Amino acid sequence: MNSSPPSSDVQLSAAELEEQLDELLEAAFTPGRRTNAIAKKLAAHPAEVQRFVLHWCAVTAQTHSQVAYLFARHVLEALETMDRPDVQKWLLHAMDLYDRQGLYPAIAVLKAPKDFAGAGVDHAQGVYLEEITGVLELFLRGLSGRAMKLEPADPPHTDTSTLFLPSRLGRFPAKDDNFRLYKALAVHQWAQTHFGTFFPDLAAELRAYPDPDKARKLYHLLETLRLDAVLARHYPGLAREILSLRGEALPAEFQDAAAELEAPGAGPKQSLEWMENLLAQPLPPPWPYMGELLPERAEAERQQRLRRDKAALQAALAHMQPGAKPASFSLRRENSANEVAADFVLLADGRPVVLDDEVKGLLHSIDLDLGDIPPDYLTPAGGGGYAPAGNPKEKEMAPPEGGYAYNEWDHQRRHYRKNWCTLRELPSGLGDAGYAAEVLGRYGGQVGQIRRVFEALRGEEKLLRAQKNGDDVDLDAAIAARTDLRCGREMTDRVFTRQERLERNIAVLFMVDMSGSTRGWINDAERESLLLMCEGLEKLGDRYAIYGFSGMTRIRCEIFPIKTFAEPYGPEVQRRIAGIEPKDYTRMGAAIRHLTAKLKEVDARTRLLVTLSDGKPDDFNDPYRGVYGIEDTRMALIEAKRAGIHPFCITIDQEARDYLPHMYGAVNYTIVSEVRQLPIKVANIYRKLTT
Amino acid sequence: MEGHALPPEEHFITVEPYYEPTGDEIAVFEAAYRNRLPVLLKGPTGCGKTRFMEHMAWRLKRPLITVSCHDDLTASDLVGRYLITADQTVWVDGPLARAVRAGGICYLDEVVEARKDTTVVIHPLADDRRMLPMEKLGLELEASPEFMLAISYNPGYQSVLKELKQSTRQRFVALEFDYPAAPLEQKIVVKETGLDEARAAQLVKLAAMTRNLKGSGLDEGASTRLLVHAGKLMMDGIPPAAACRGAIARALTDEPEMLAAVDELIATIF
Ligand SMILES: Nc1ncnc2c1ncn2[C@@H]1O[C@H](COP(=O)(O)OP(=O)(O)O)[C@@H](O)[C@H]1O
Ligand SMILES: [Mg+2]
C-alpha cells in the first residue's frame, strides 16, 4: 500500500477515528472529552456512516465544539431509530436550540435522540417546522400585514407575540396534510391575537372560576367557533381547510352557542357568557388545530409589549411634531365597521398628520392589546422619561489619543453629544487557512453561478458613437459630417464607433456585525456571505472593502479592517474573513460614522455602504440597547445618505422586531429571516442594487 | 386602435380613456399644463400612470407621444437623426422633436432607464427656456405653447444607479401615484374586466396581502394591472385560483418559497 491519505471509501480503524475525532473536537484541550469509546464503536460501522459522522462533527465543531462532542456521543444511538436525513434534522434542531436558547436545551435534545424520533406517528411523512418556517412566515406576513415570529414548542400556543408550534408534525400520512395542520395551528393562533380572544382581563376572569382549567378550555373551544366563523367570512378558502380538520361534531347542547358566536359581530365577551352557561356540560374533545390557550403567558407578554409600544409611539410622536413646540395629539378612528383592522387619523393640534407604517403598526398593536388608544400614549416623548446617567455636558470628551472621536445623536434632547464615542481600528485576527476553500467547496455550484452572474454585470459592452477614433465608421455621424461640409459648416472628425466596456465606477464597503449576539449561525452566515461576495466582486471588478465592528461602551468602539480598498483579495484576506468572530456589543452609530468617513475619501461615482448585522443595537449596561441606540443608528444612516453615500442595511432577523422599519426606514434595507439563505441573498441584493 | 399608419403627433385620442382619479391629480396636471410646467409621475409599476396620461391627452385634446425608455436610448433617439435615401441624406425628427413641433404631450416612461446623455435635451425643455437643442441641425427648437413634457419614475427601485438626479427632478411638478384604495381599486377592476363586485373584492384583498410582502422577498406587491389581468382570465372561464396563480403569483416571483407562500394566500380567498 502506498502512503496516500485514506480515501473516503475506506473504513477507518478505531485508532484513526480517534485521531480525527480528537482533532475535530479539540479533545486534547478540553477536559472531560473522551473520544476513545466513541471511536471504538464507530469503527464497527461502514465507511459511509463514519464519513457521515465525521462530516457533521466537523461542521458542528466550527461553531459549537461542545455540541459536536455530544453529537458524536449520541449519533450512533440516533442512527438506530432514524435514517440519516432525520439524524441530520435532529442535529440541526439541537444547533438551532443552542443558538436560540443556549446549551442546556440543546444538550437535552442530543441526549435523547429517541424522543426526537418518536415525536411523530408516521415517521416517513412528517413535516419539520424548520422545513416550512420560511413559507409559513411569508404566508402569515401576507395574511396579517405584520411579521410573526415562529418558535418550536409543545403544546402549540401563542403568547400573542410569538406563535409556538411543534418542531415536527407527523399526524397524517401525507406530507401535504401535515403542512395544512401546521398552517391551521398557526392561523388559529394568529386569529386569537388578531380578533380579540385575549382581551385585557381574560386571565383574571378565568382564574375566578372554581375549575379554572375547565373554564379556560371551554372558553377556548367557544372562541374557536367564533374565530372560525370570522375566518370563513374573510378567508373562505382558508376556513374550508381548517373546518376539514375538525374532529367530532359538537353535542346538541352547543348548537345555540354556535349559532350566536358564528354570527357577524359576536365578540369574546359572548364566548365568556356562553362558557358560563355551558360549564356544567362535559367538555367536548378539542380539535387538532386548537393547541392550547394560555392567557397567563399572553398577559405577561402583553404588559411587556405595551411598555415597549408606548415608548416607541411616544418617541415617534416626538419626531412628528409639526413645530418646535410640543404638540397635543389626538386620534380619530375611521372605518370602525371594518372587522379586520381599524384605520386611524392622527391629529396634531387638531390637524391631520401623515402616518408612516411604523406608527400605523404601533397604533394597531396597542389597539389590539387594549381595544383603544389611551390618551397618555399620545404624549410625545421629551421632558421626563429616560435620562441618561450624568449630565452629558460634563462628560463631553476631548478627542482621545490614538483613536477617532465621533458624535452621537441624543434623540431626546435632539442634539448631538459632541465627541461622545471613541473609536479605534484594531488588527483583525487570522482564522483557519482552509476555511475559505471549505466554504467555497460547500457552495460549489452556487459559487460558479455567482461568478457568472457578476461577470455578466461587469460593465456591459457598449457601442460608443461619434468617437474620434474607433473600430468602425459611425454612419449617422459620417453623414452628418458630410452634410455639414456641403453646407459649408465645419466638419467634425468624430465619425467612428468604438466598442467599449462601460466603467461601473462603484465602490462598496461592507460593514459586518461582530457583536456577541451574532455568535453561532449568524457569524457563520456572515463569513460565508463575505467569501461568496468576494468571489463575485473579483469577477465584477468593483472596488470593495470589508470592516468588522464591535465594542464595549462609548469609549471602546472597535473597527476591524478585514480588507481595505487598496488591498488585493487573497489568502490573507480569506484568513481574516475566517477569523471574524463574535466579540462584544453593537454601537452601530459610531461604526457607521467612521466607515462613512472612509468611504467619502474614495473617488467613485457611486459609493455604497452595506451593513450586515443582526440589527440589535446594544451596549454594555447602557441605554444604547433601547430607543436611544435605534435613534442614533437611524441618524448615522441619514448622515451617510446626506454625505452622498448609499447605505443599504441587511438585517438577519429571526425575531420579527417591529422597530427595524423605523431604524432603517430612512434608507434602503432588507430583512432576511432565514440565516441559511444569507450568503446567496447578499450576492443577489448587491446585484440588484447596482444594476 | 386603428391599424393604419398615422404619425403619432397627429394621433388624437377621441374616445375617453377610462381613468379613475385617486386625488386631485387631474386638476394639478391641468394647472401645470396651463402654466407650461413639465410633470413627473412617481409611482410603482401598474398603478395607472400610463392610463392617466392617455386620459389627460384626451382631456386636453393633444396628441400623446409615449417613449418607453430603455438603457440604449440616447439623446439622438429622442431628437432625431439623418437617414440615407437614394442619393441624399434626410433628417428625421425623433419623437421628442415631433412633439415639440406639433405641440403634443411627450411622455418619457421610466426615464431613469435611458442613457445619461438624454438629460442634455430634457433639461432645457423642462425649464422656462422650453427649448429643444438639436445639435446635429445646429439649432434650438422652441417648443410650441401646447407642448408638454411628462416623465415617469418608479422610486421603488432599489438600484442606486437608477435614482433620479436632483437637478432633473427639481424641474418638474411631481404627482405621486400609488395603488388606489381598496374600494376604488375594486371599482377599477370591475370596470376594466366586467367581473362582479364580489370577485373583484377578492382580487383586491389578495393584492393587499401580496403588498404586505413587499420588502420581505417581493420587490413590489401585485399591481392594479395584475389584478386586471387575473380578472380578464377569470371572465374567460379560468378558475379564480388558477387565474391568480398565473396572472399574479408567477408574475411576481420565481422564488419557490415565495411562490408557495403566495399560492397559499391565493388559496385562503377562493
Ligand atoms: N386609476 C385608474 N383608473 C383606471 N384604470 C386603472 C387605474 N389604475 C390602474 N388602472 C388599470 O391598471 C392598468 C395598468 O395601468 P398603467 O397605466 O399601465 O400603469 P403604469 O403606467 O403606472 O405602469 C391599466 O391598464 C388599467 O387597467
Ligand atoms: Mg406604464
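Trainee: How many residues of chain B and how many of chain A take part in the contact?
Mentor: This is a predicted model, in which local features need pLDDT of at least 70 and side-chain atom pairs count only at pLDDT 80 or more, while totals for chains, interfaces and linings use all residues. Residues are numbered from 1 along each chain as its sequence is written, chains are lettered from A and ligands numbered from 1 in the order in which they are written, and side-chain values use heavy atoms, with hydrogens and water left out. With contact taken as heavy atoms within 4.5 Å, the two sides supply 33 residues from chain B and 42 residues from chain A.

Trainee: What area is buried between chain B and chain A?
Mentor: Buried area is the accessible area (1.4 Å probe) that two parts lose on being put together, summed over both. Carbon and sulfur atoms give 54% of the total between chain B and chain A, and that total is about 3200 Å².

Trainee: Which residue of chain A forms a salt bridge with Arg81(B)?
Mentor: A salt bridge here is a side-chain nitrogen of Lys or Arg within 4 Å of a carboxyl oxygen of Asp or Glu, and the count between chain B and chain A is three. In the pair formed by Arg81(B), the closest N and O atoms are 2.7 Å apart, and the partner is Asp476(A).

Trainee: Which element gives the largest share of the side of chain B that touches chain A?
Mentor: Eight residue pairs, both at pLDDT 80 or more, are in polar contact between chain B and chain A, a polar contact being a pair of N or O atoms within 3.5 Å; within protein, one must be able to donate a hydrogen and the other to accept it, and residues adjacent in sequence count only if both atoms are side-chain atoms. At least two residues of that side of chain B come from each of β3 (80-84), α8 (197-211) and α11 (256-269), where helices (H or I, at least four residues) and strands (E, at least two) are DSSP runs numbered from the N terminus. The largest share, nine residues, comes from α11(B).

Trainee: Where does Pro155(A) lie?
Mentor: A cis peptide bond joins Asp154(A) and Pro155(A), with omega about -5°. In chain A, Pro155(A) belongs to the loop between β2 (149-152) and β3 (157-158).

Trainee: How many residues apart in sequence are the parts tied together by Glu241(A) and Lys183(A)?
Mentor: Glu241(A) forms a salt bridge with Lys183(A), the closest N and O atoms being 3.0 Å apart. Because Glu241(A) lies in helix α12 (residues 236-243) of chain A and Lys183(A) in helix α9 (residues 175-194) of chain A, the separation of the parts that the pair ties together is 58 residues.
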